[in-house]
Each structure stands twice: as C-alpha cells, then as structure tokens.
Amino acid sequence: MTFRLETPRLALRDWQDGDVEPFLAMGRDPQVMEFIGPLQSRADVEAGIARQQALSLEQGHCFWALERLEDGAFLGFCGLKPGPEGTPLHGRIEIGWRLARHAWGCGYAREAAQAALDWGFAQLACDAIWAMTVPGNVRSWGLMERLGMRRLPELDFDHPALPADSPLLRHVVYTADRPSD
C-alpha cells in the first residue's frame, strides 16, 4: 500500500527512486547539515532512504519524503518514526523534518509537521509525540514551540551515536501531548 498524506501545498509520501539526487544535494549542503552532522555521501543517502522505506513497511510510518504539490518538487522529509535507542525518545514516537535550503522560510516545515502530528495522533496509540534537536538549532526548536510542543529540560542528553567531542553532542527534548477530545 502506498502512503500519501496531502496538505494544501504539500504531500508527505513514500520515498521514490527519483528522490535520491535531490536528497543527496541536501546532504551535501553545509547549511542544511549544520546541526545534523557531516556532509553525506551517495551511500549515506541511499542507506538513509532504505532505512525509512524499511520503517514504513514495518511500522506503517517513517520520515516520509516531502513534495510540493504545485510542481512535484522534492523538498526534504517530515514524518514519524520510533525514537532512537539510548536516547529519552527510545520507545516513543519521534517527529522529525529536514528541508532543502530553497524550501526554508516558506512555512512548509510547519505545514508538514502539523500534518504529521495530526496523522500520528489519529492513527497511532501514543499519548505524546517527541522531538529532539541540538540547542543551537533555533529554527528547529522554534518550530517545535510554534507547533505547541513543550521543552523538557530534565531530559536533555548527550546523543550516544556521536563522539564525546562533537559540537552536536548535546540534545534538547520537546513533546506534544495527545490533544484532548
């Protein structure tokens, strides 16, 4: 079954072969990767897409590809996946996004993230949806706050997948509670 969730301007959808090149361009953009990690190789990008495709098959959701409806342009990703092991998000649903620089400042991340939150609360048996980022990623945690998520400073952590000397080691945690009916 193919996944596709539309908003007024966007589609969150399954990954396609044609997404590799634009996602690789994002992974090689130092501004896009500033708060994520090192620039990515083709192998990194292909492995990342394969992980999301596997999650979609296993869980029914992942960080979906993000497409602009107007012209079909690939904008990045947004969606939901299980939180990573060794972090406060493990065993919880994590929301995440990454957009190409040309898509910044257009409200796409908020539109896509709100759709993902709404879908998650409608489709998944979870009391909350969680997010994480590094303290310096003001755009990302600012979006979390605009989405109504609240920061849980007592859950700040050093990411176990990063070396101890990484400037991206420290992470902050946000959560959105299931809306009451």
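Predicted model: local features only at pLDDT ≥ 70, side-chain atom pairs only at ≥ 80, totals over all residues.
Me: What makes the pair of Phe 3 and Trp 64 stacked?
Reply: Their ring centres lie 4.1 Å apart and the planes are at 5°.

Me: How do you know whether Phe 3 and Trp 64 are buried or exposed?
Reply: Buried means under 20% relative accessible area. Phe 3 has 14% relative accessibility, so Phe 3 counts as buried. Trp 64, at 0%, is buried as well.

Me: Why is the pair of Phe 23 and Phe 74 called edge-to-face?
Reply: The planes of the two rings stand at 65°, and the centres are 6.1 Å apart. The angle is over 60 degrees and the distance is within 6.5 Å, so the pair is edge-to-face.

Me: What does the pair of Phe 23 and Phe 74 tie together?
Reply: Phe 23 is part of helix H1 (residues 20–27) and Phe 74 is part of strand S4 (residues 74–82), so the pair ties together parts 51 residues apart in sequence. Phe 23 is buried at 6% relative accessibility, and Phe 74 is buried at 8%.

Me: What makes Arg 92 a charge over the ring of Trp 130?
Reply: Arg 92 lies over the face of Trp 130, at 4.1 Å from the ring centre. The limit is 6 Å, with CZ of Arg within 35 degrees of the ring normal. Arg 139 is likewise placed over the face of Trp 104, at 4.2 Å from the ring centre.

Me: How do you know that Thr 7 is buried, and where is Thr 7 placed?
Reply: Its relative accessible area is 11%, against a cut-off of under 20%, so Thr 7 is buried. Thr 7 sits in the loop between S1 and strand S2 (10–13).

Me: Why do the side chains of Thr 7 and Glu 111 count as joined by a polar contact?
Reply: The contact is 2.4 Å, and the limit is within 3.5 Å for a pair of N or O atoms, one able to donate a hydrogen and the other to accept it. Glu 111 is among the buried residues of H4. Leaving aside residues up to four places away in sequence, Thr 7 touches Leu 12, Leu 69, Glu 111 and Ala 115.

Me: What makes the span of helix H3 close to the expected one?
Reply: H3 (residues 42–59) has 18 residues and reaches 25 Å from its first C-alpha to its last, close to the 26 Å expected at 1.5 Å a residue. Just after H3, Gly 60 takes a positive phi of about 85°.

Me: Why are the buried residues of H3 said to line one face?
Reply: Viewed down the helix axis, the buried residues of H3 fall within an arc of 120°, so they line one face. They are Val 45, Gly 48, Ile 49, Gln 52, Leu 55 and Ser 56. Their cover includes H1, S3 and S4. Turned away from that side are the exposed residues Ala 43, Arg 51, Leu 57 and Glu 58.

How values were computed: Residues numbered from 1 in each chain as written. Heavy atoms only, no water. Phe/Tyr/Trp six-rings, centres within 6.5 Å; stacked < 30°, edge-to-face > 60°. Buried < 20%, exposed > 50% of the residue type's maximum accessible area, 1.4 Å probe, protein only. Helix = DSSP H or I, 4+ residues; strand = E, 2+ residues; numbered from the N terminus. Contact = heavy atoms within 4.5 Å. Expected span 1.5 Å × (residues − 1). Arc of directions from axis to C-beta.
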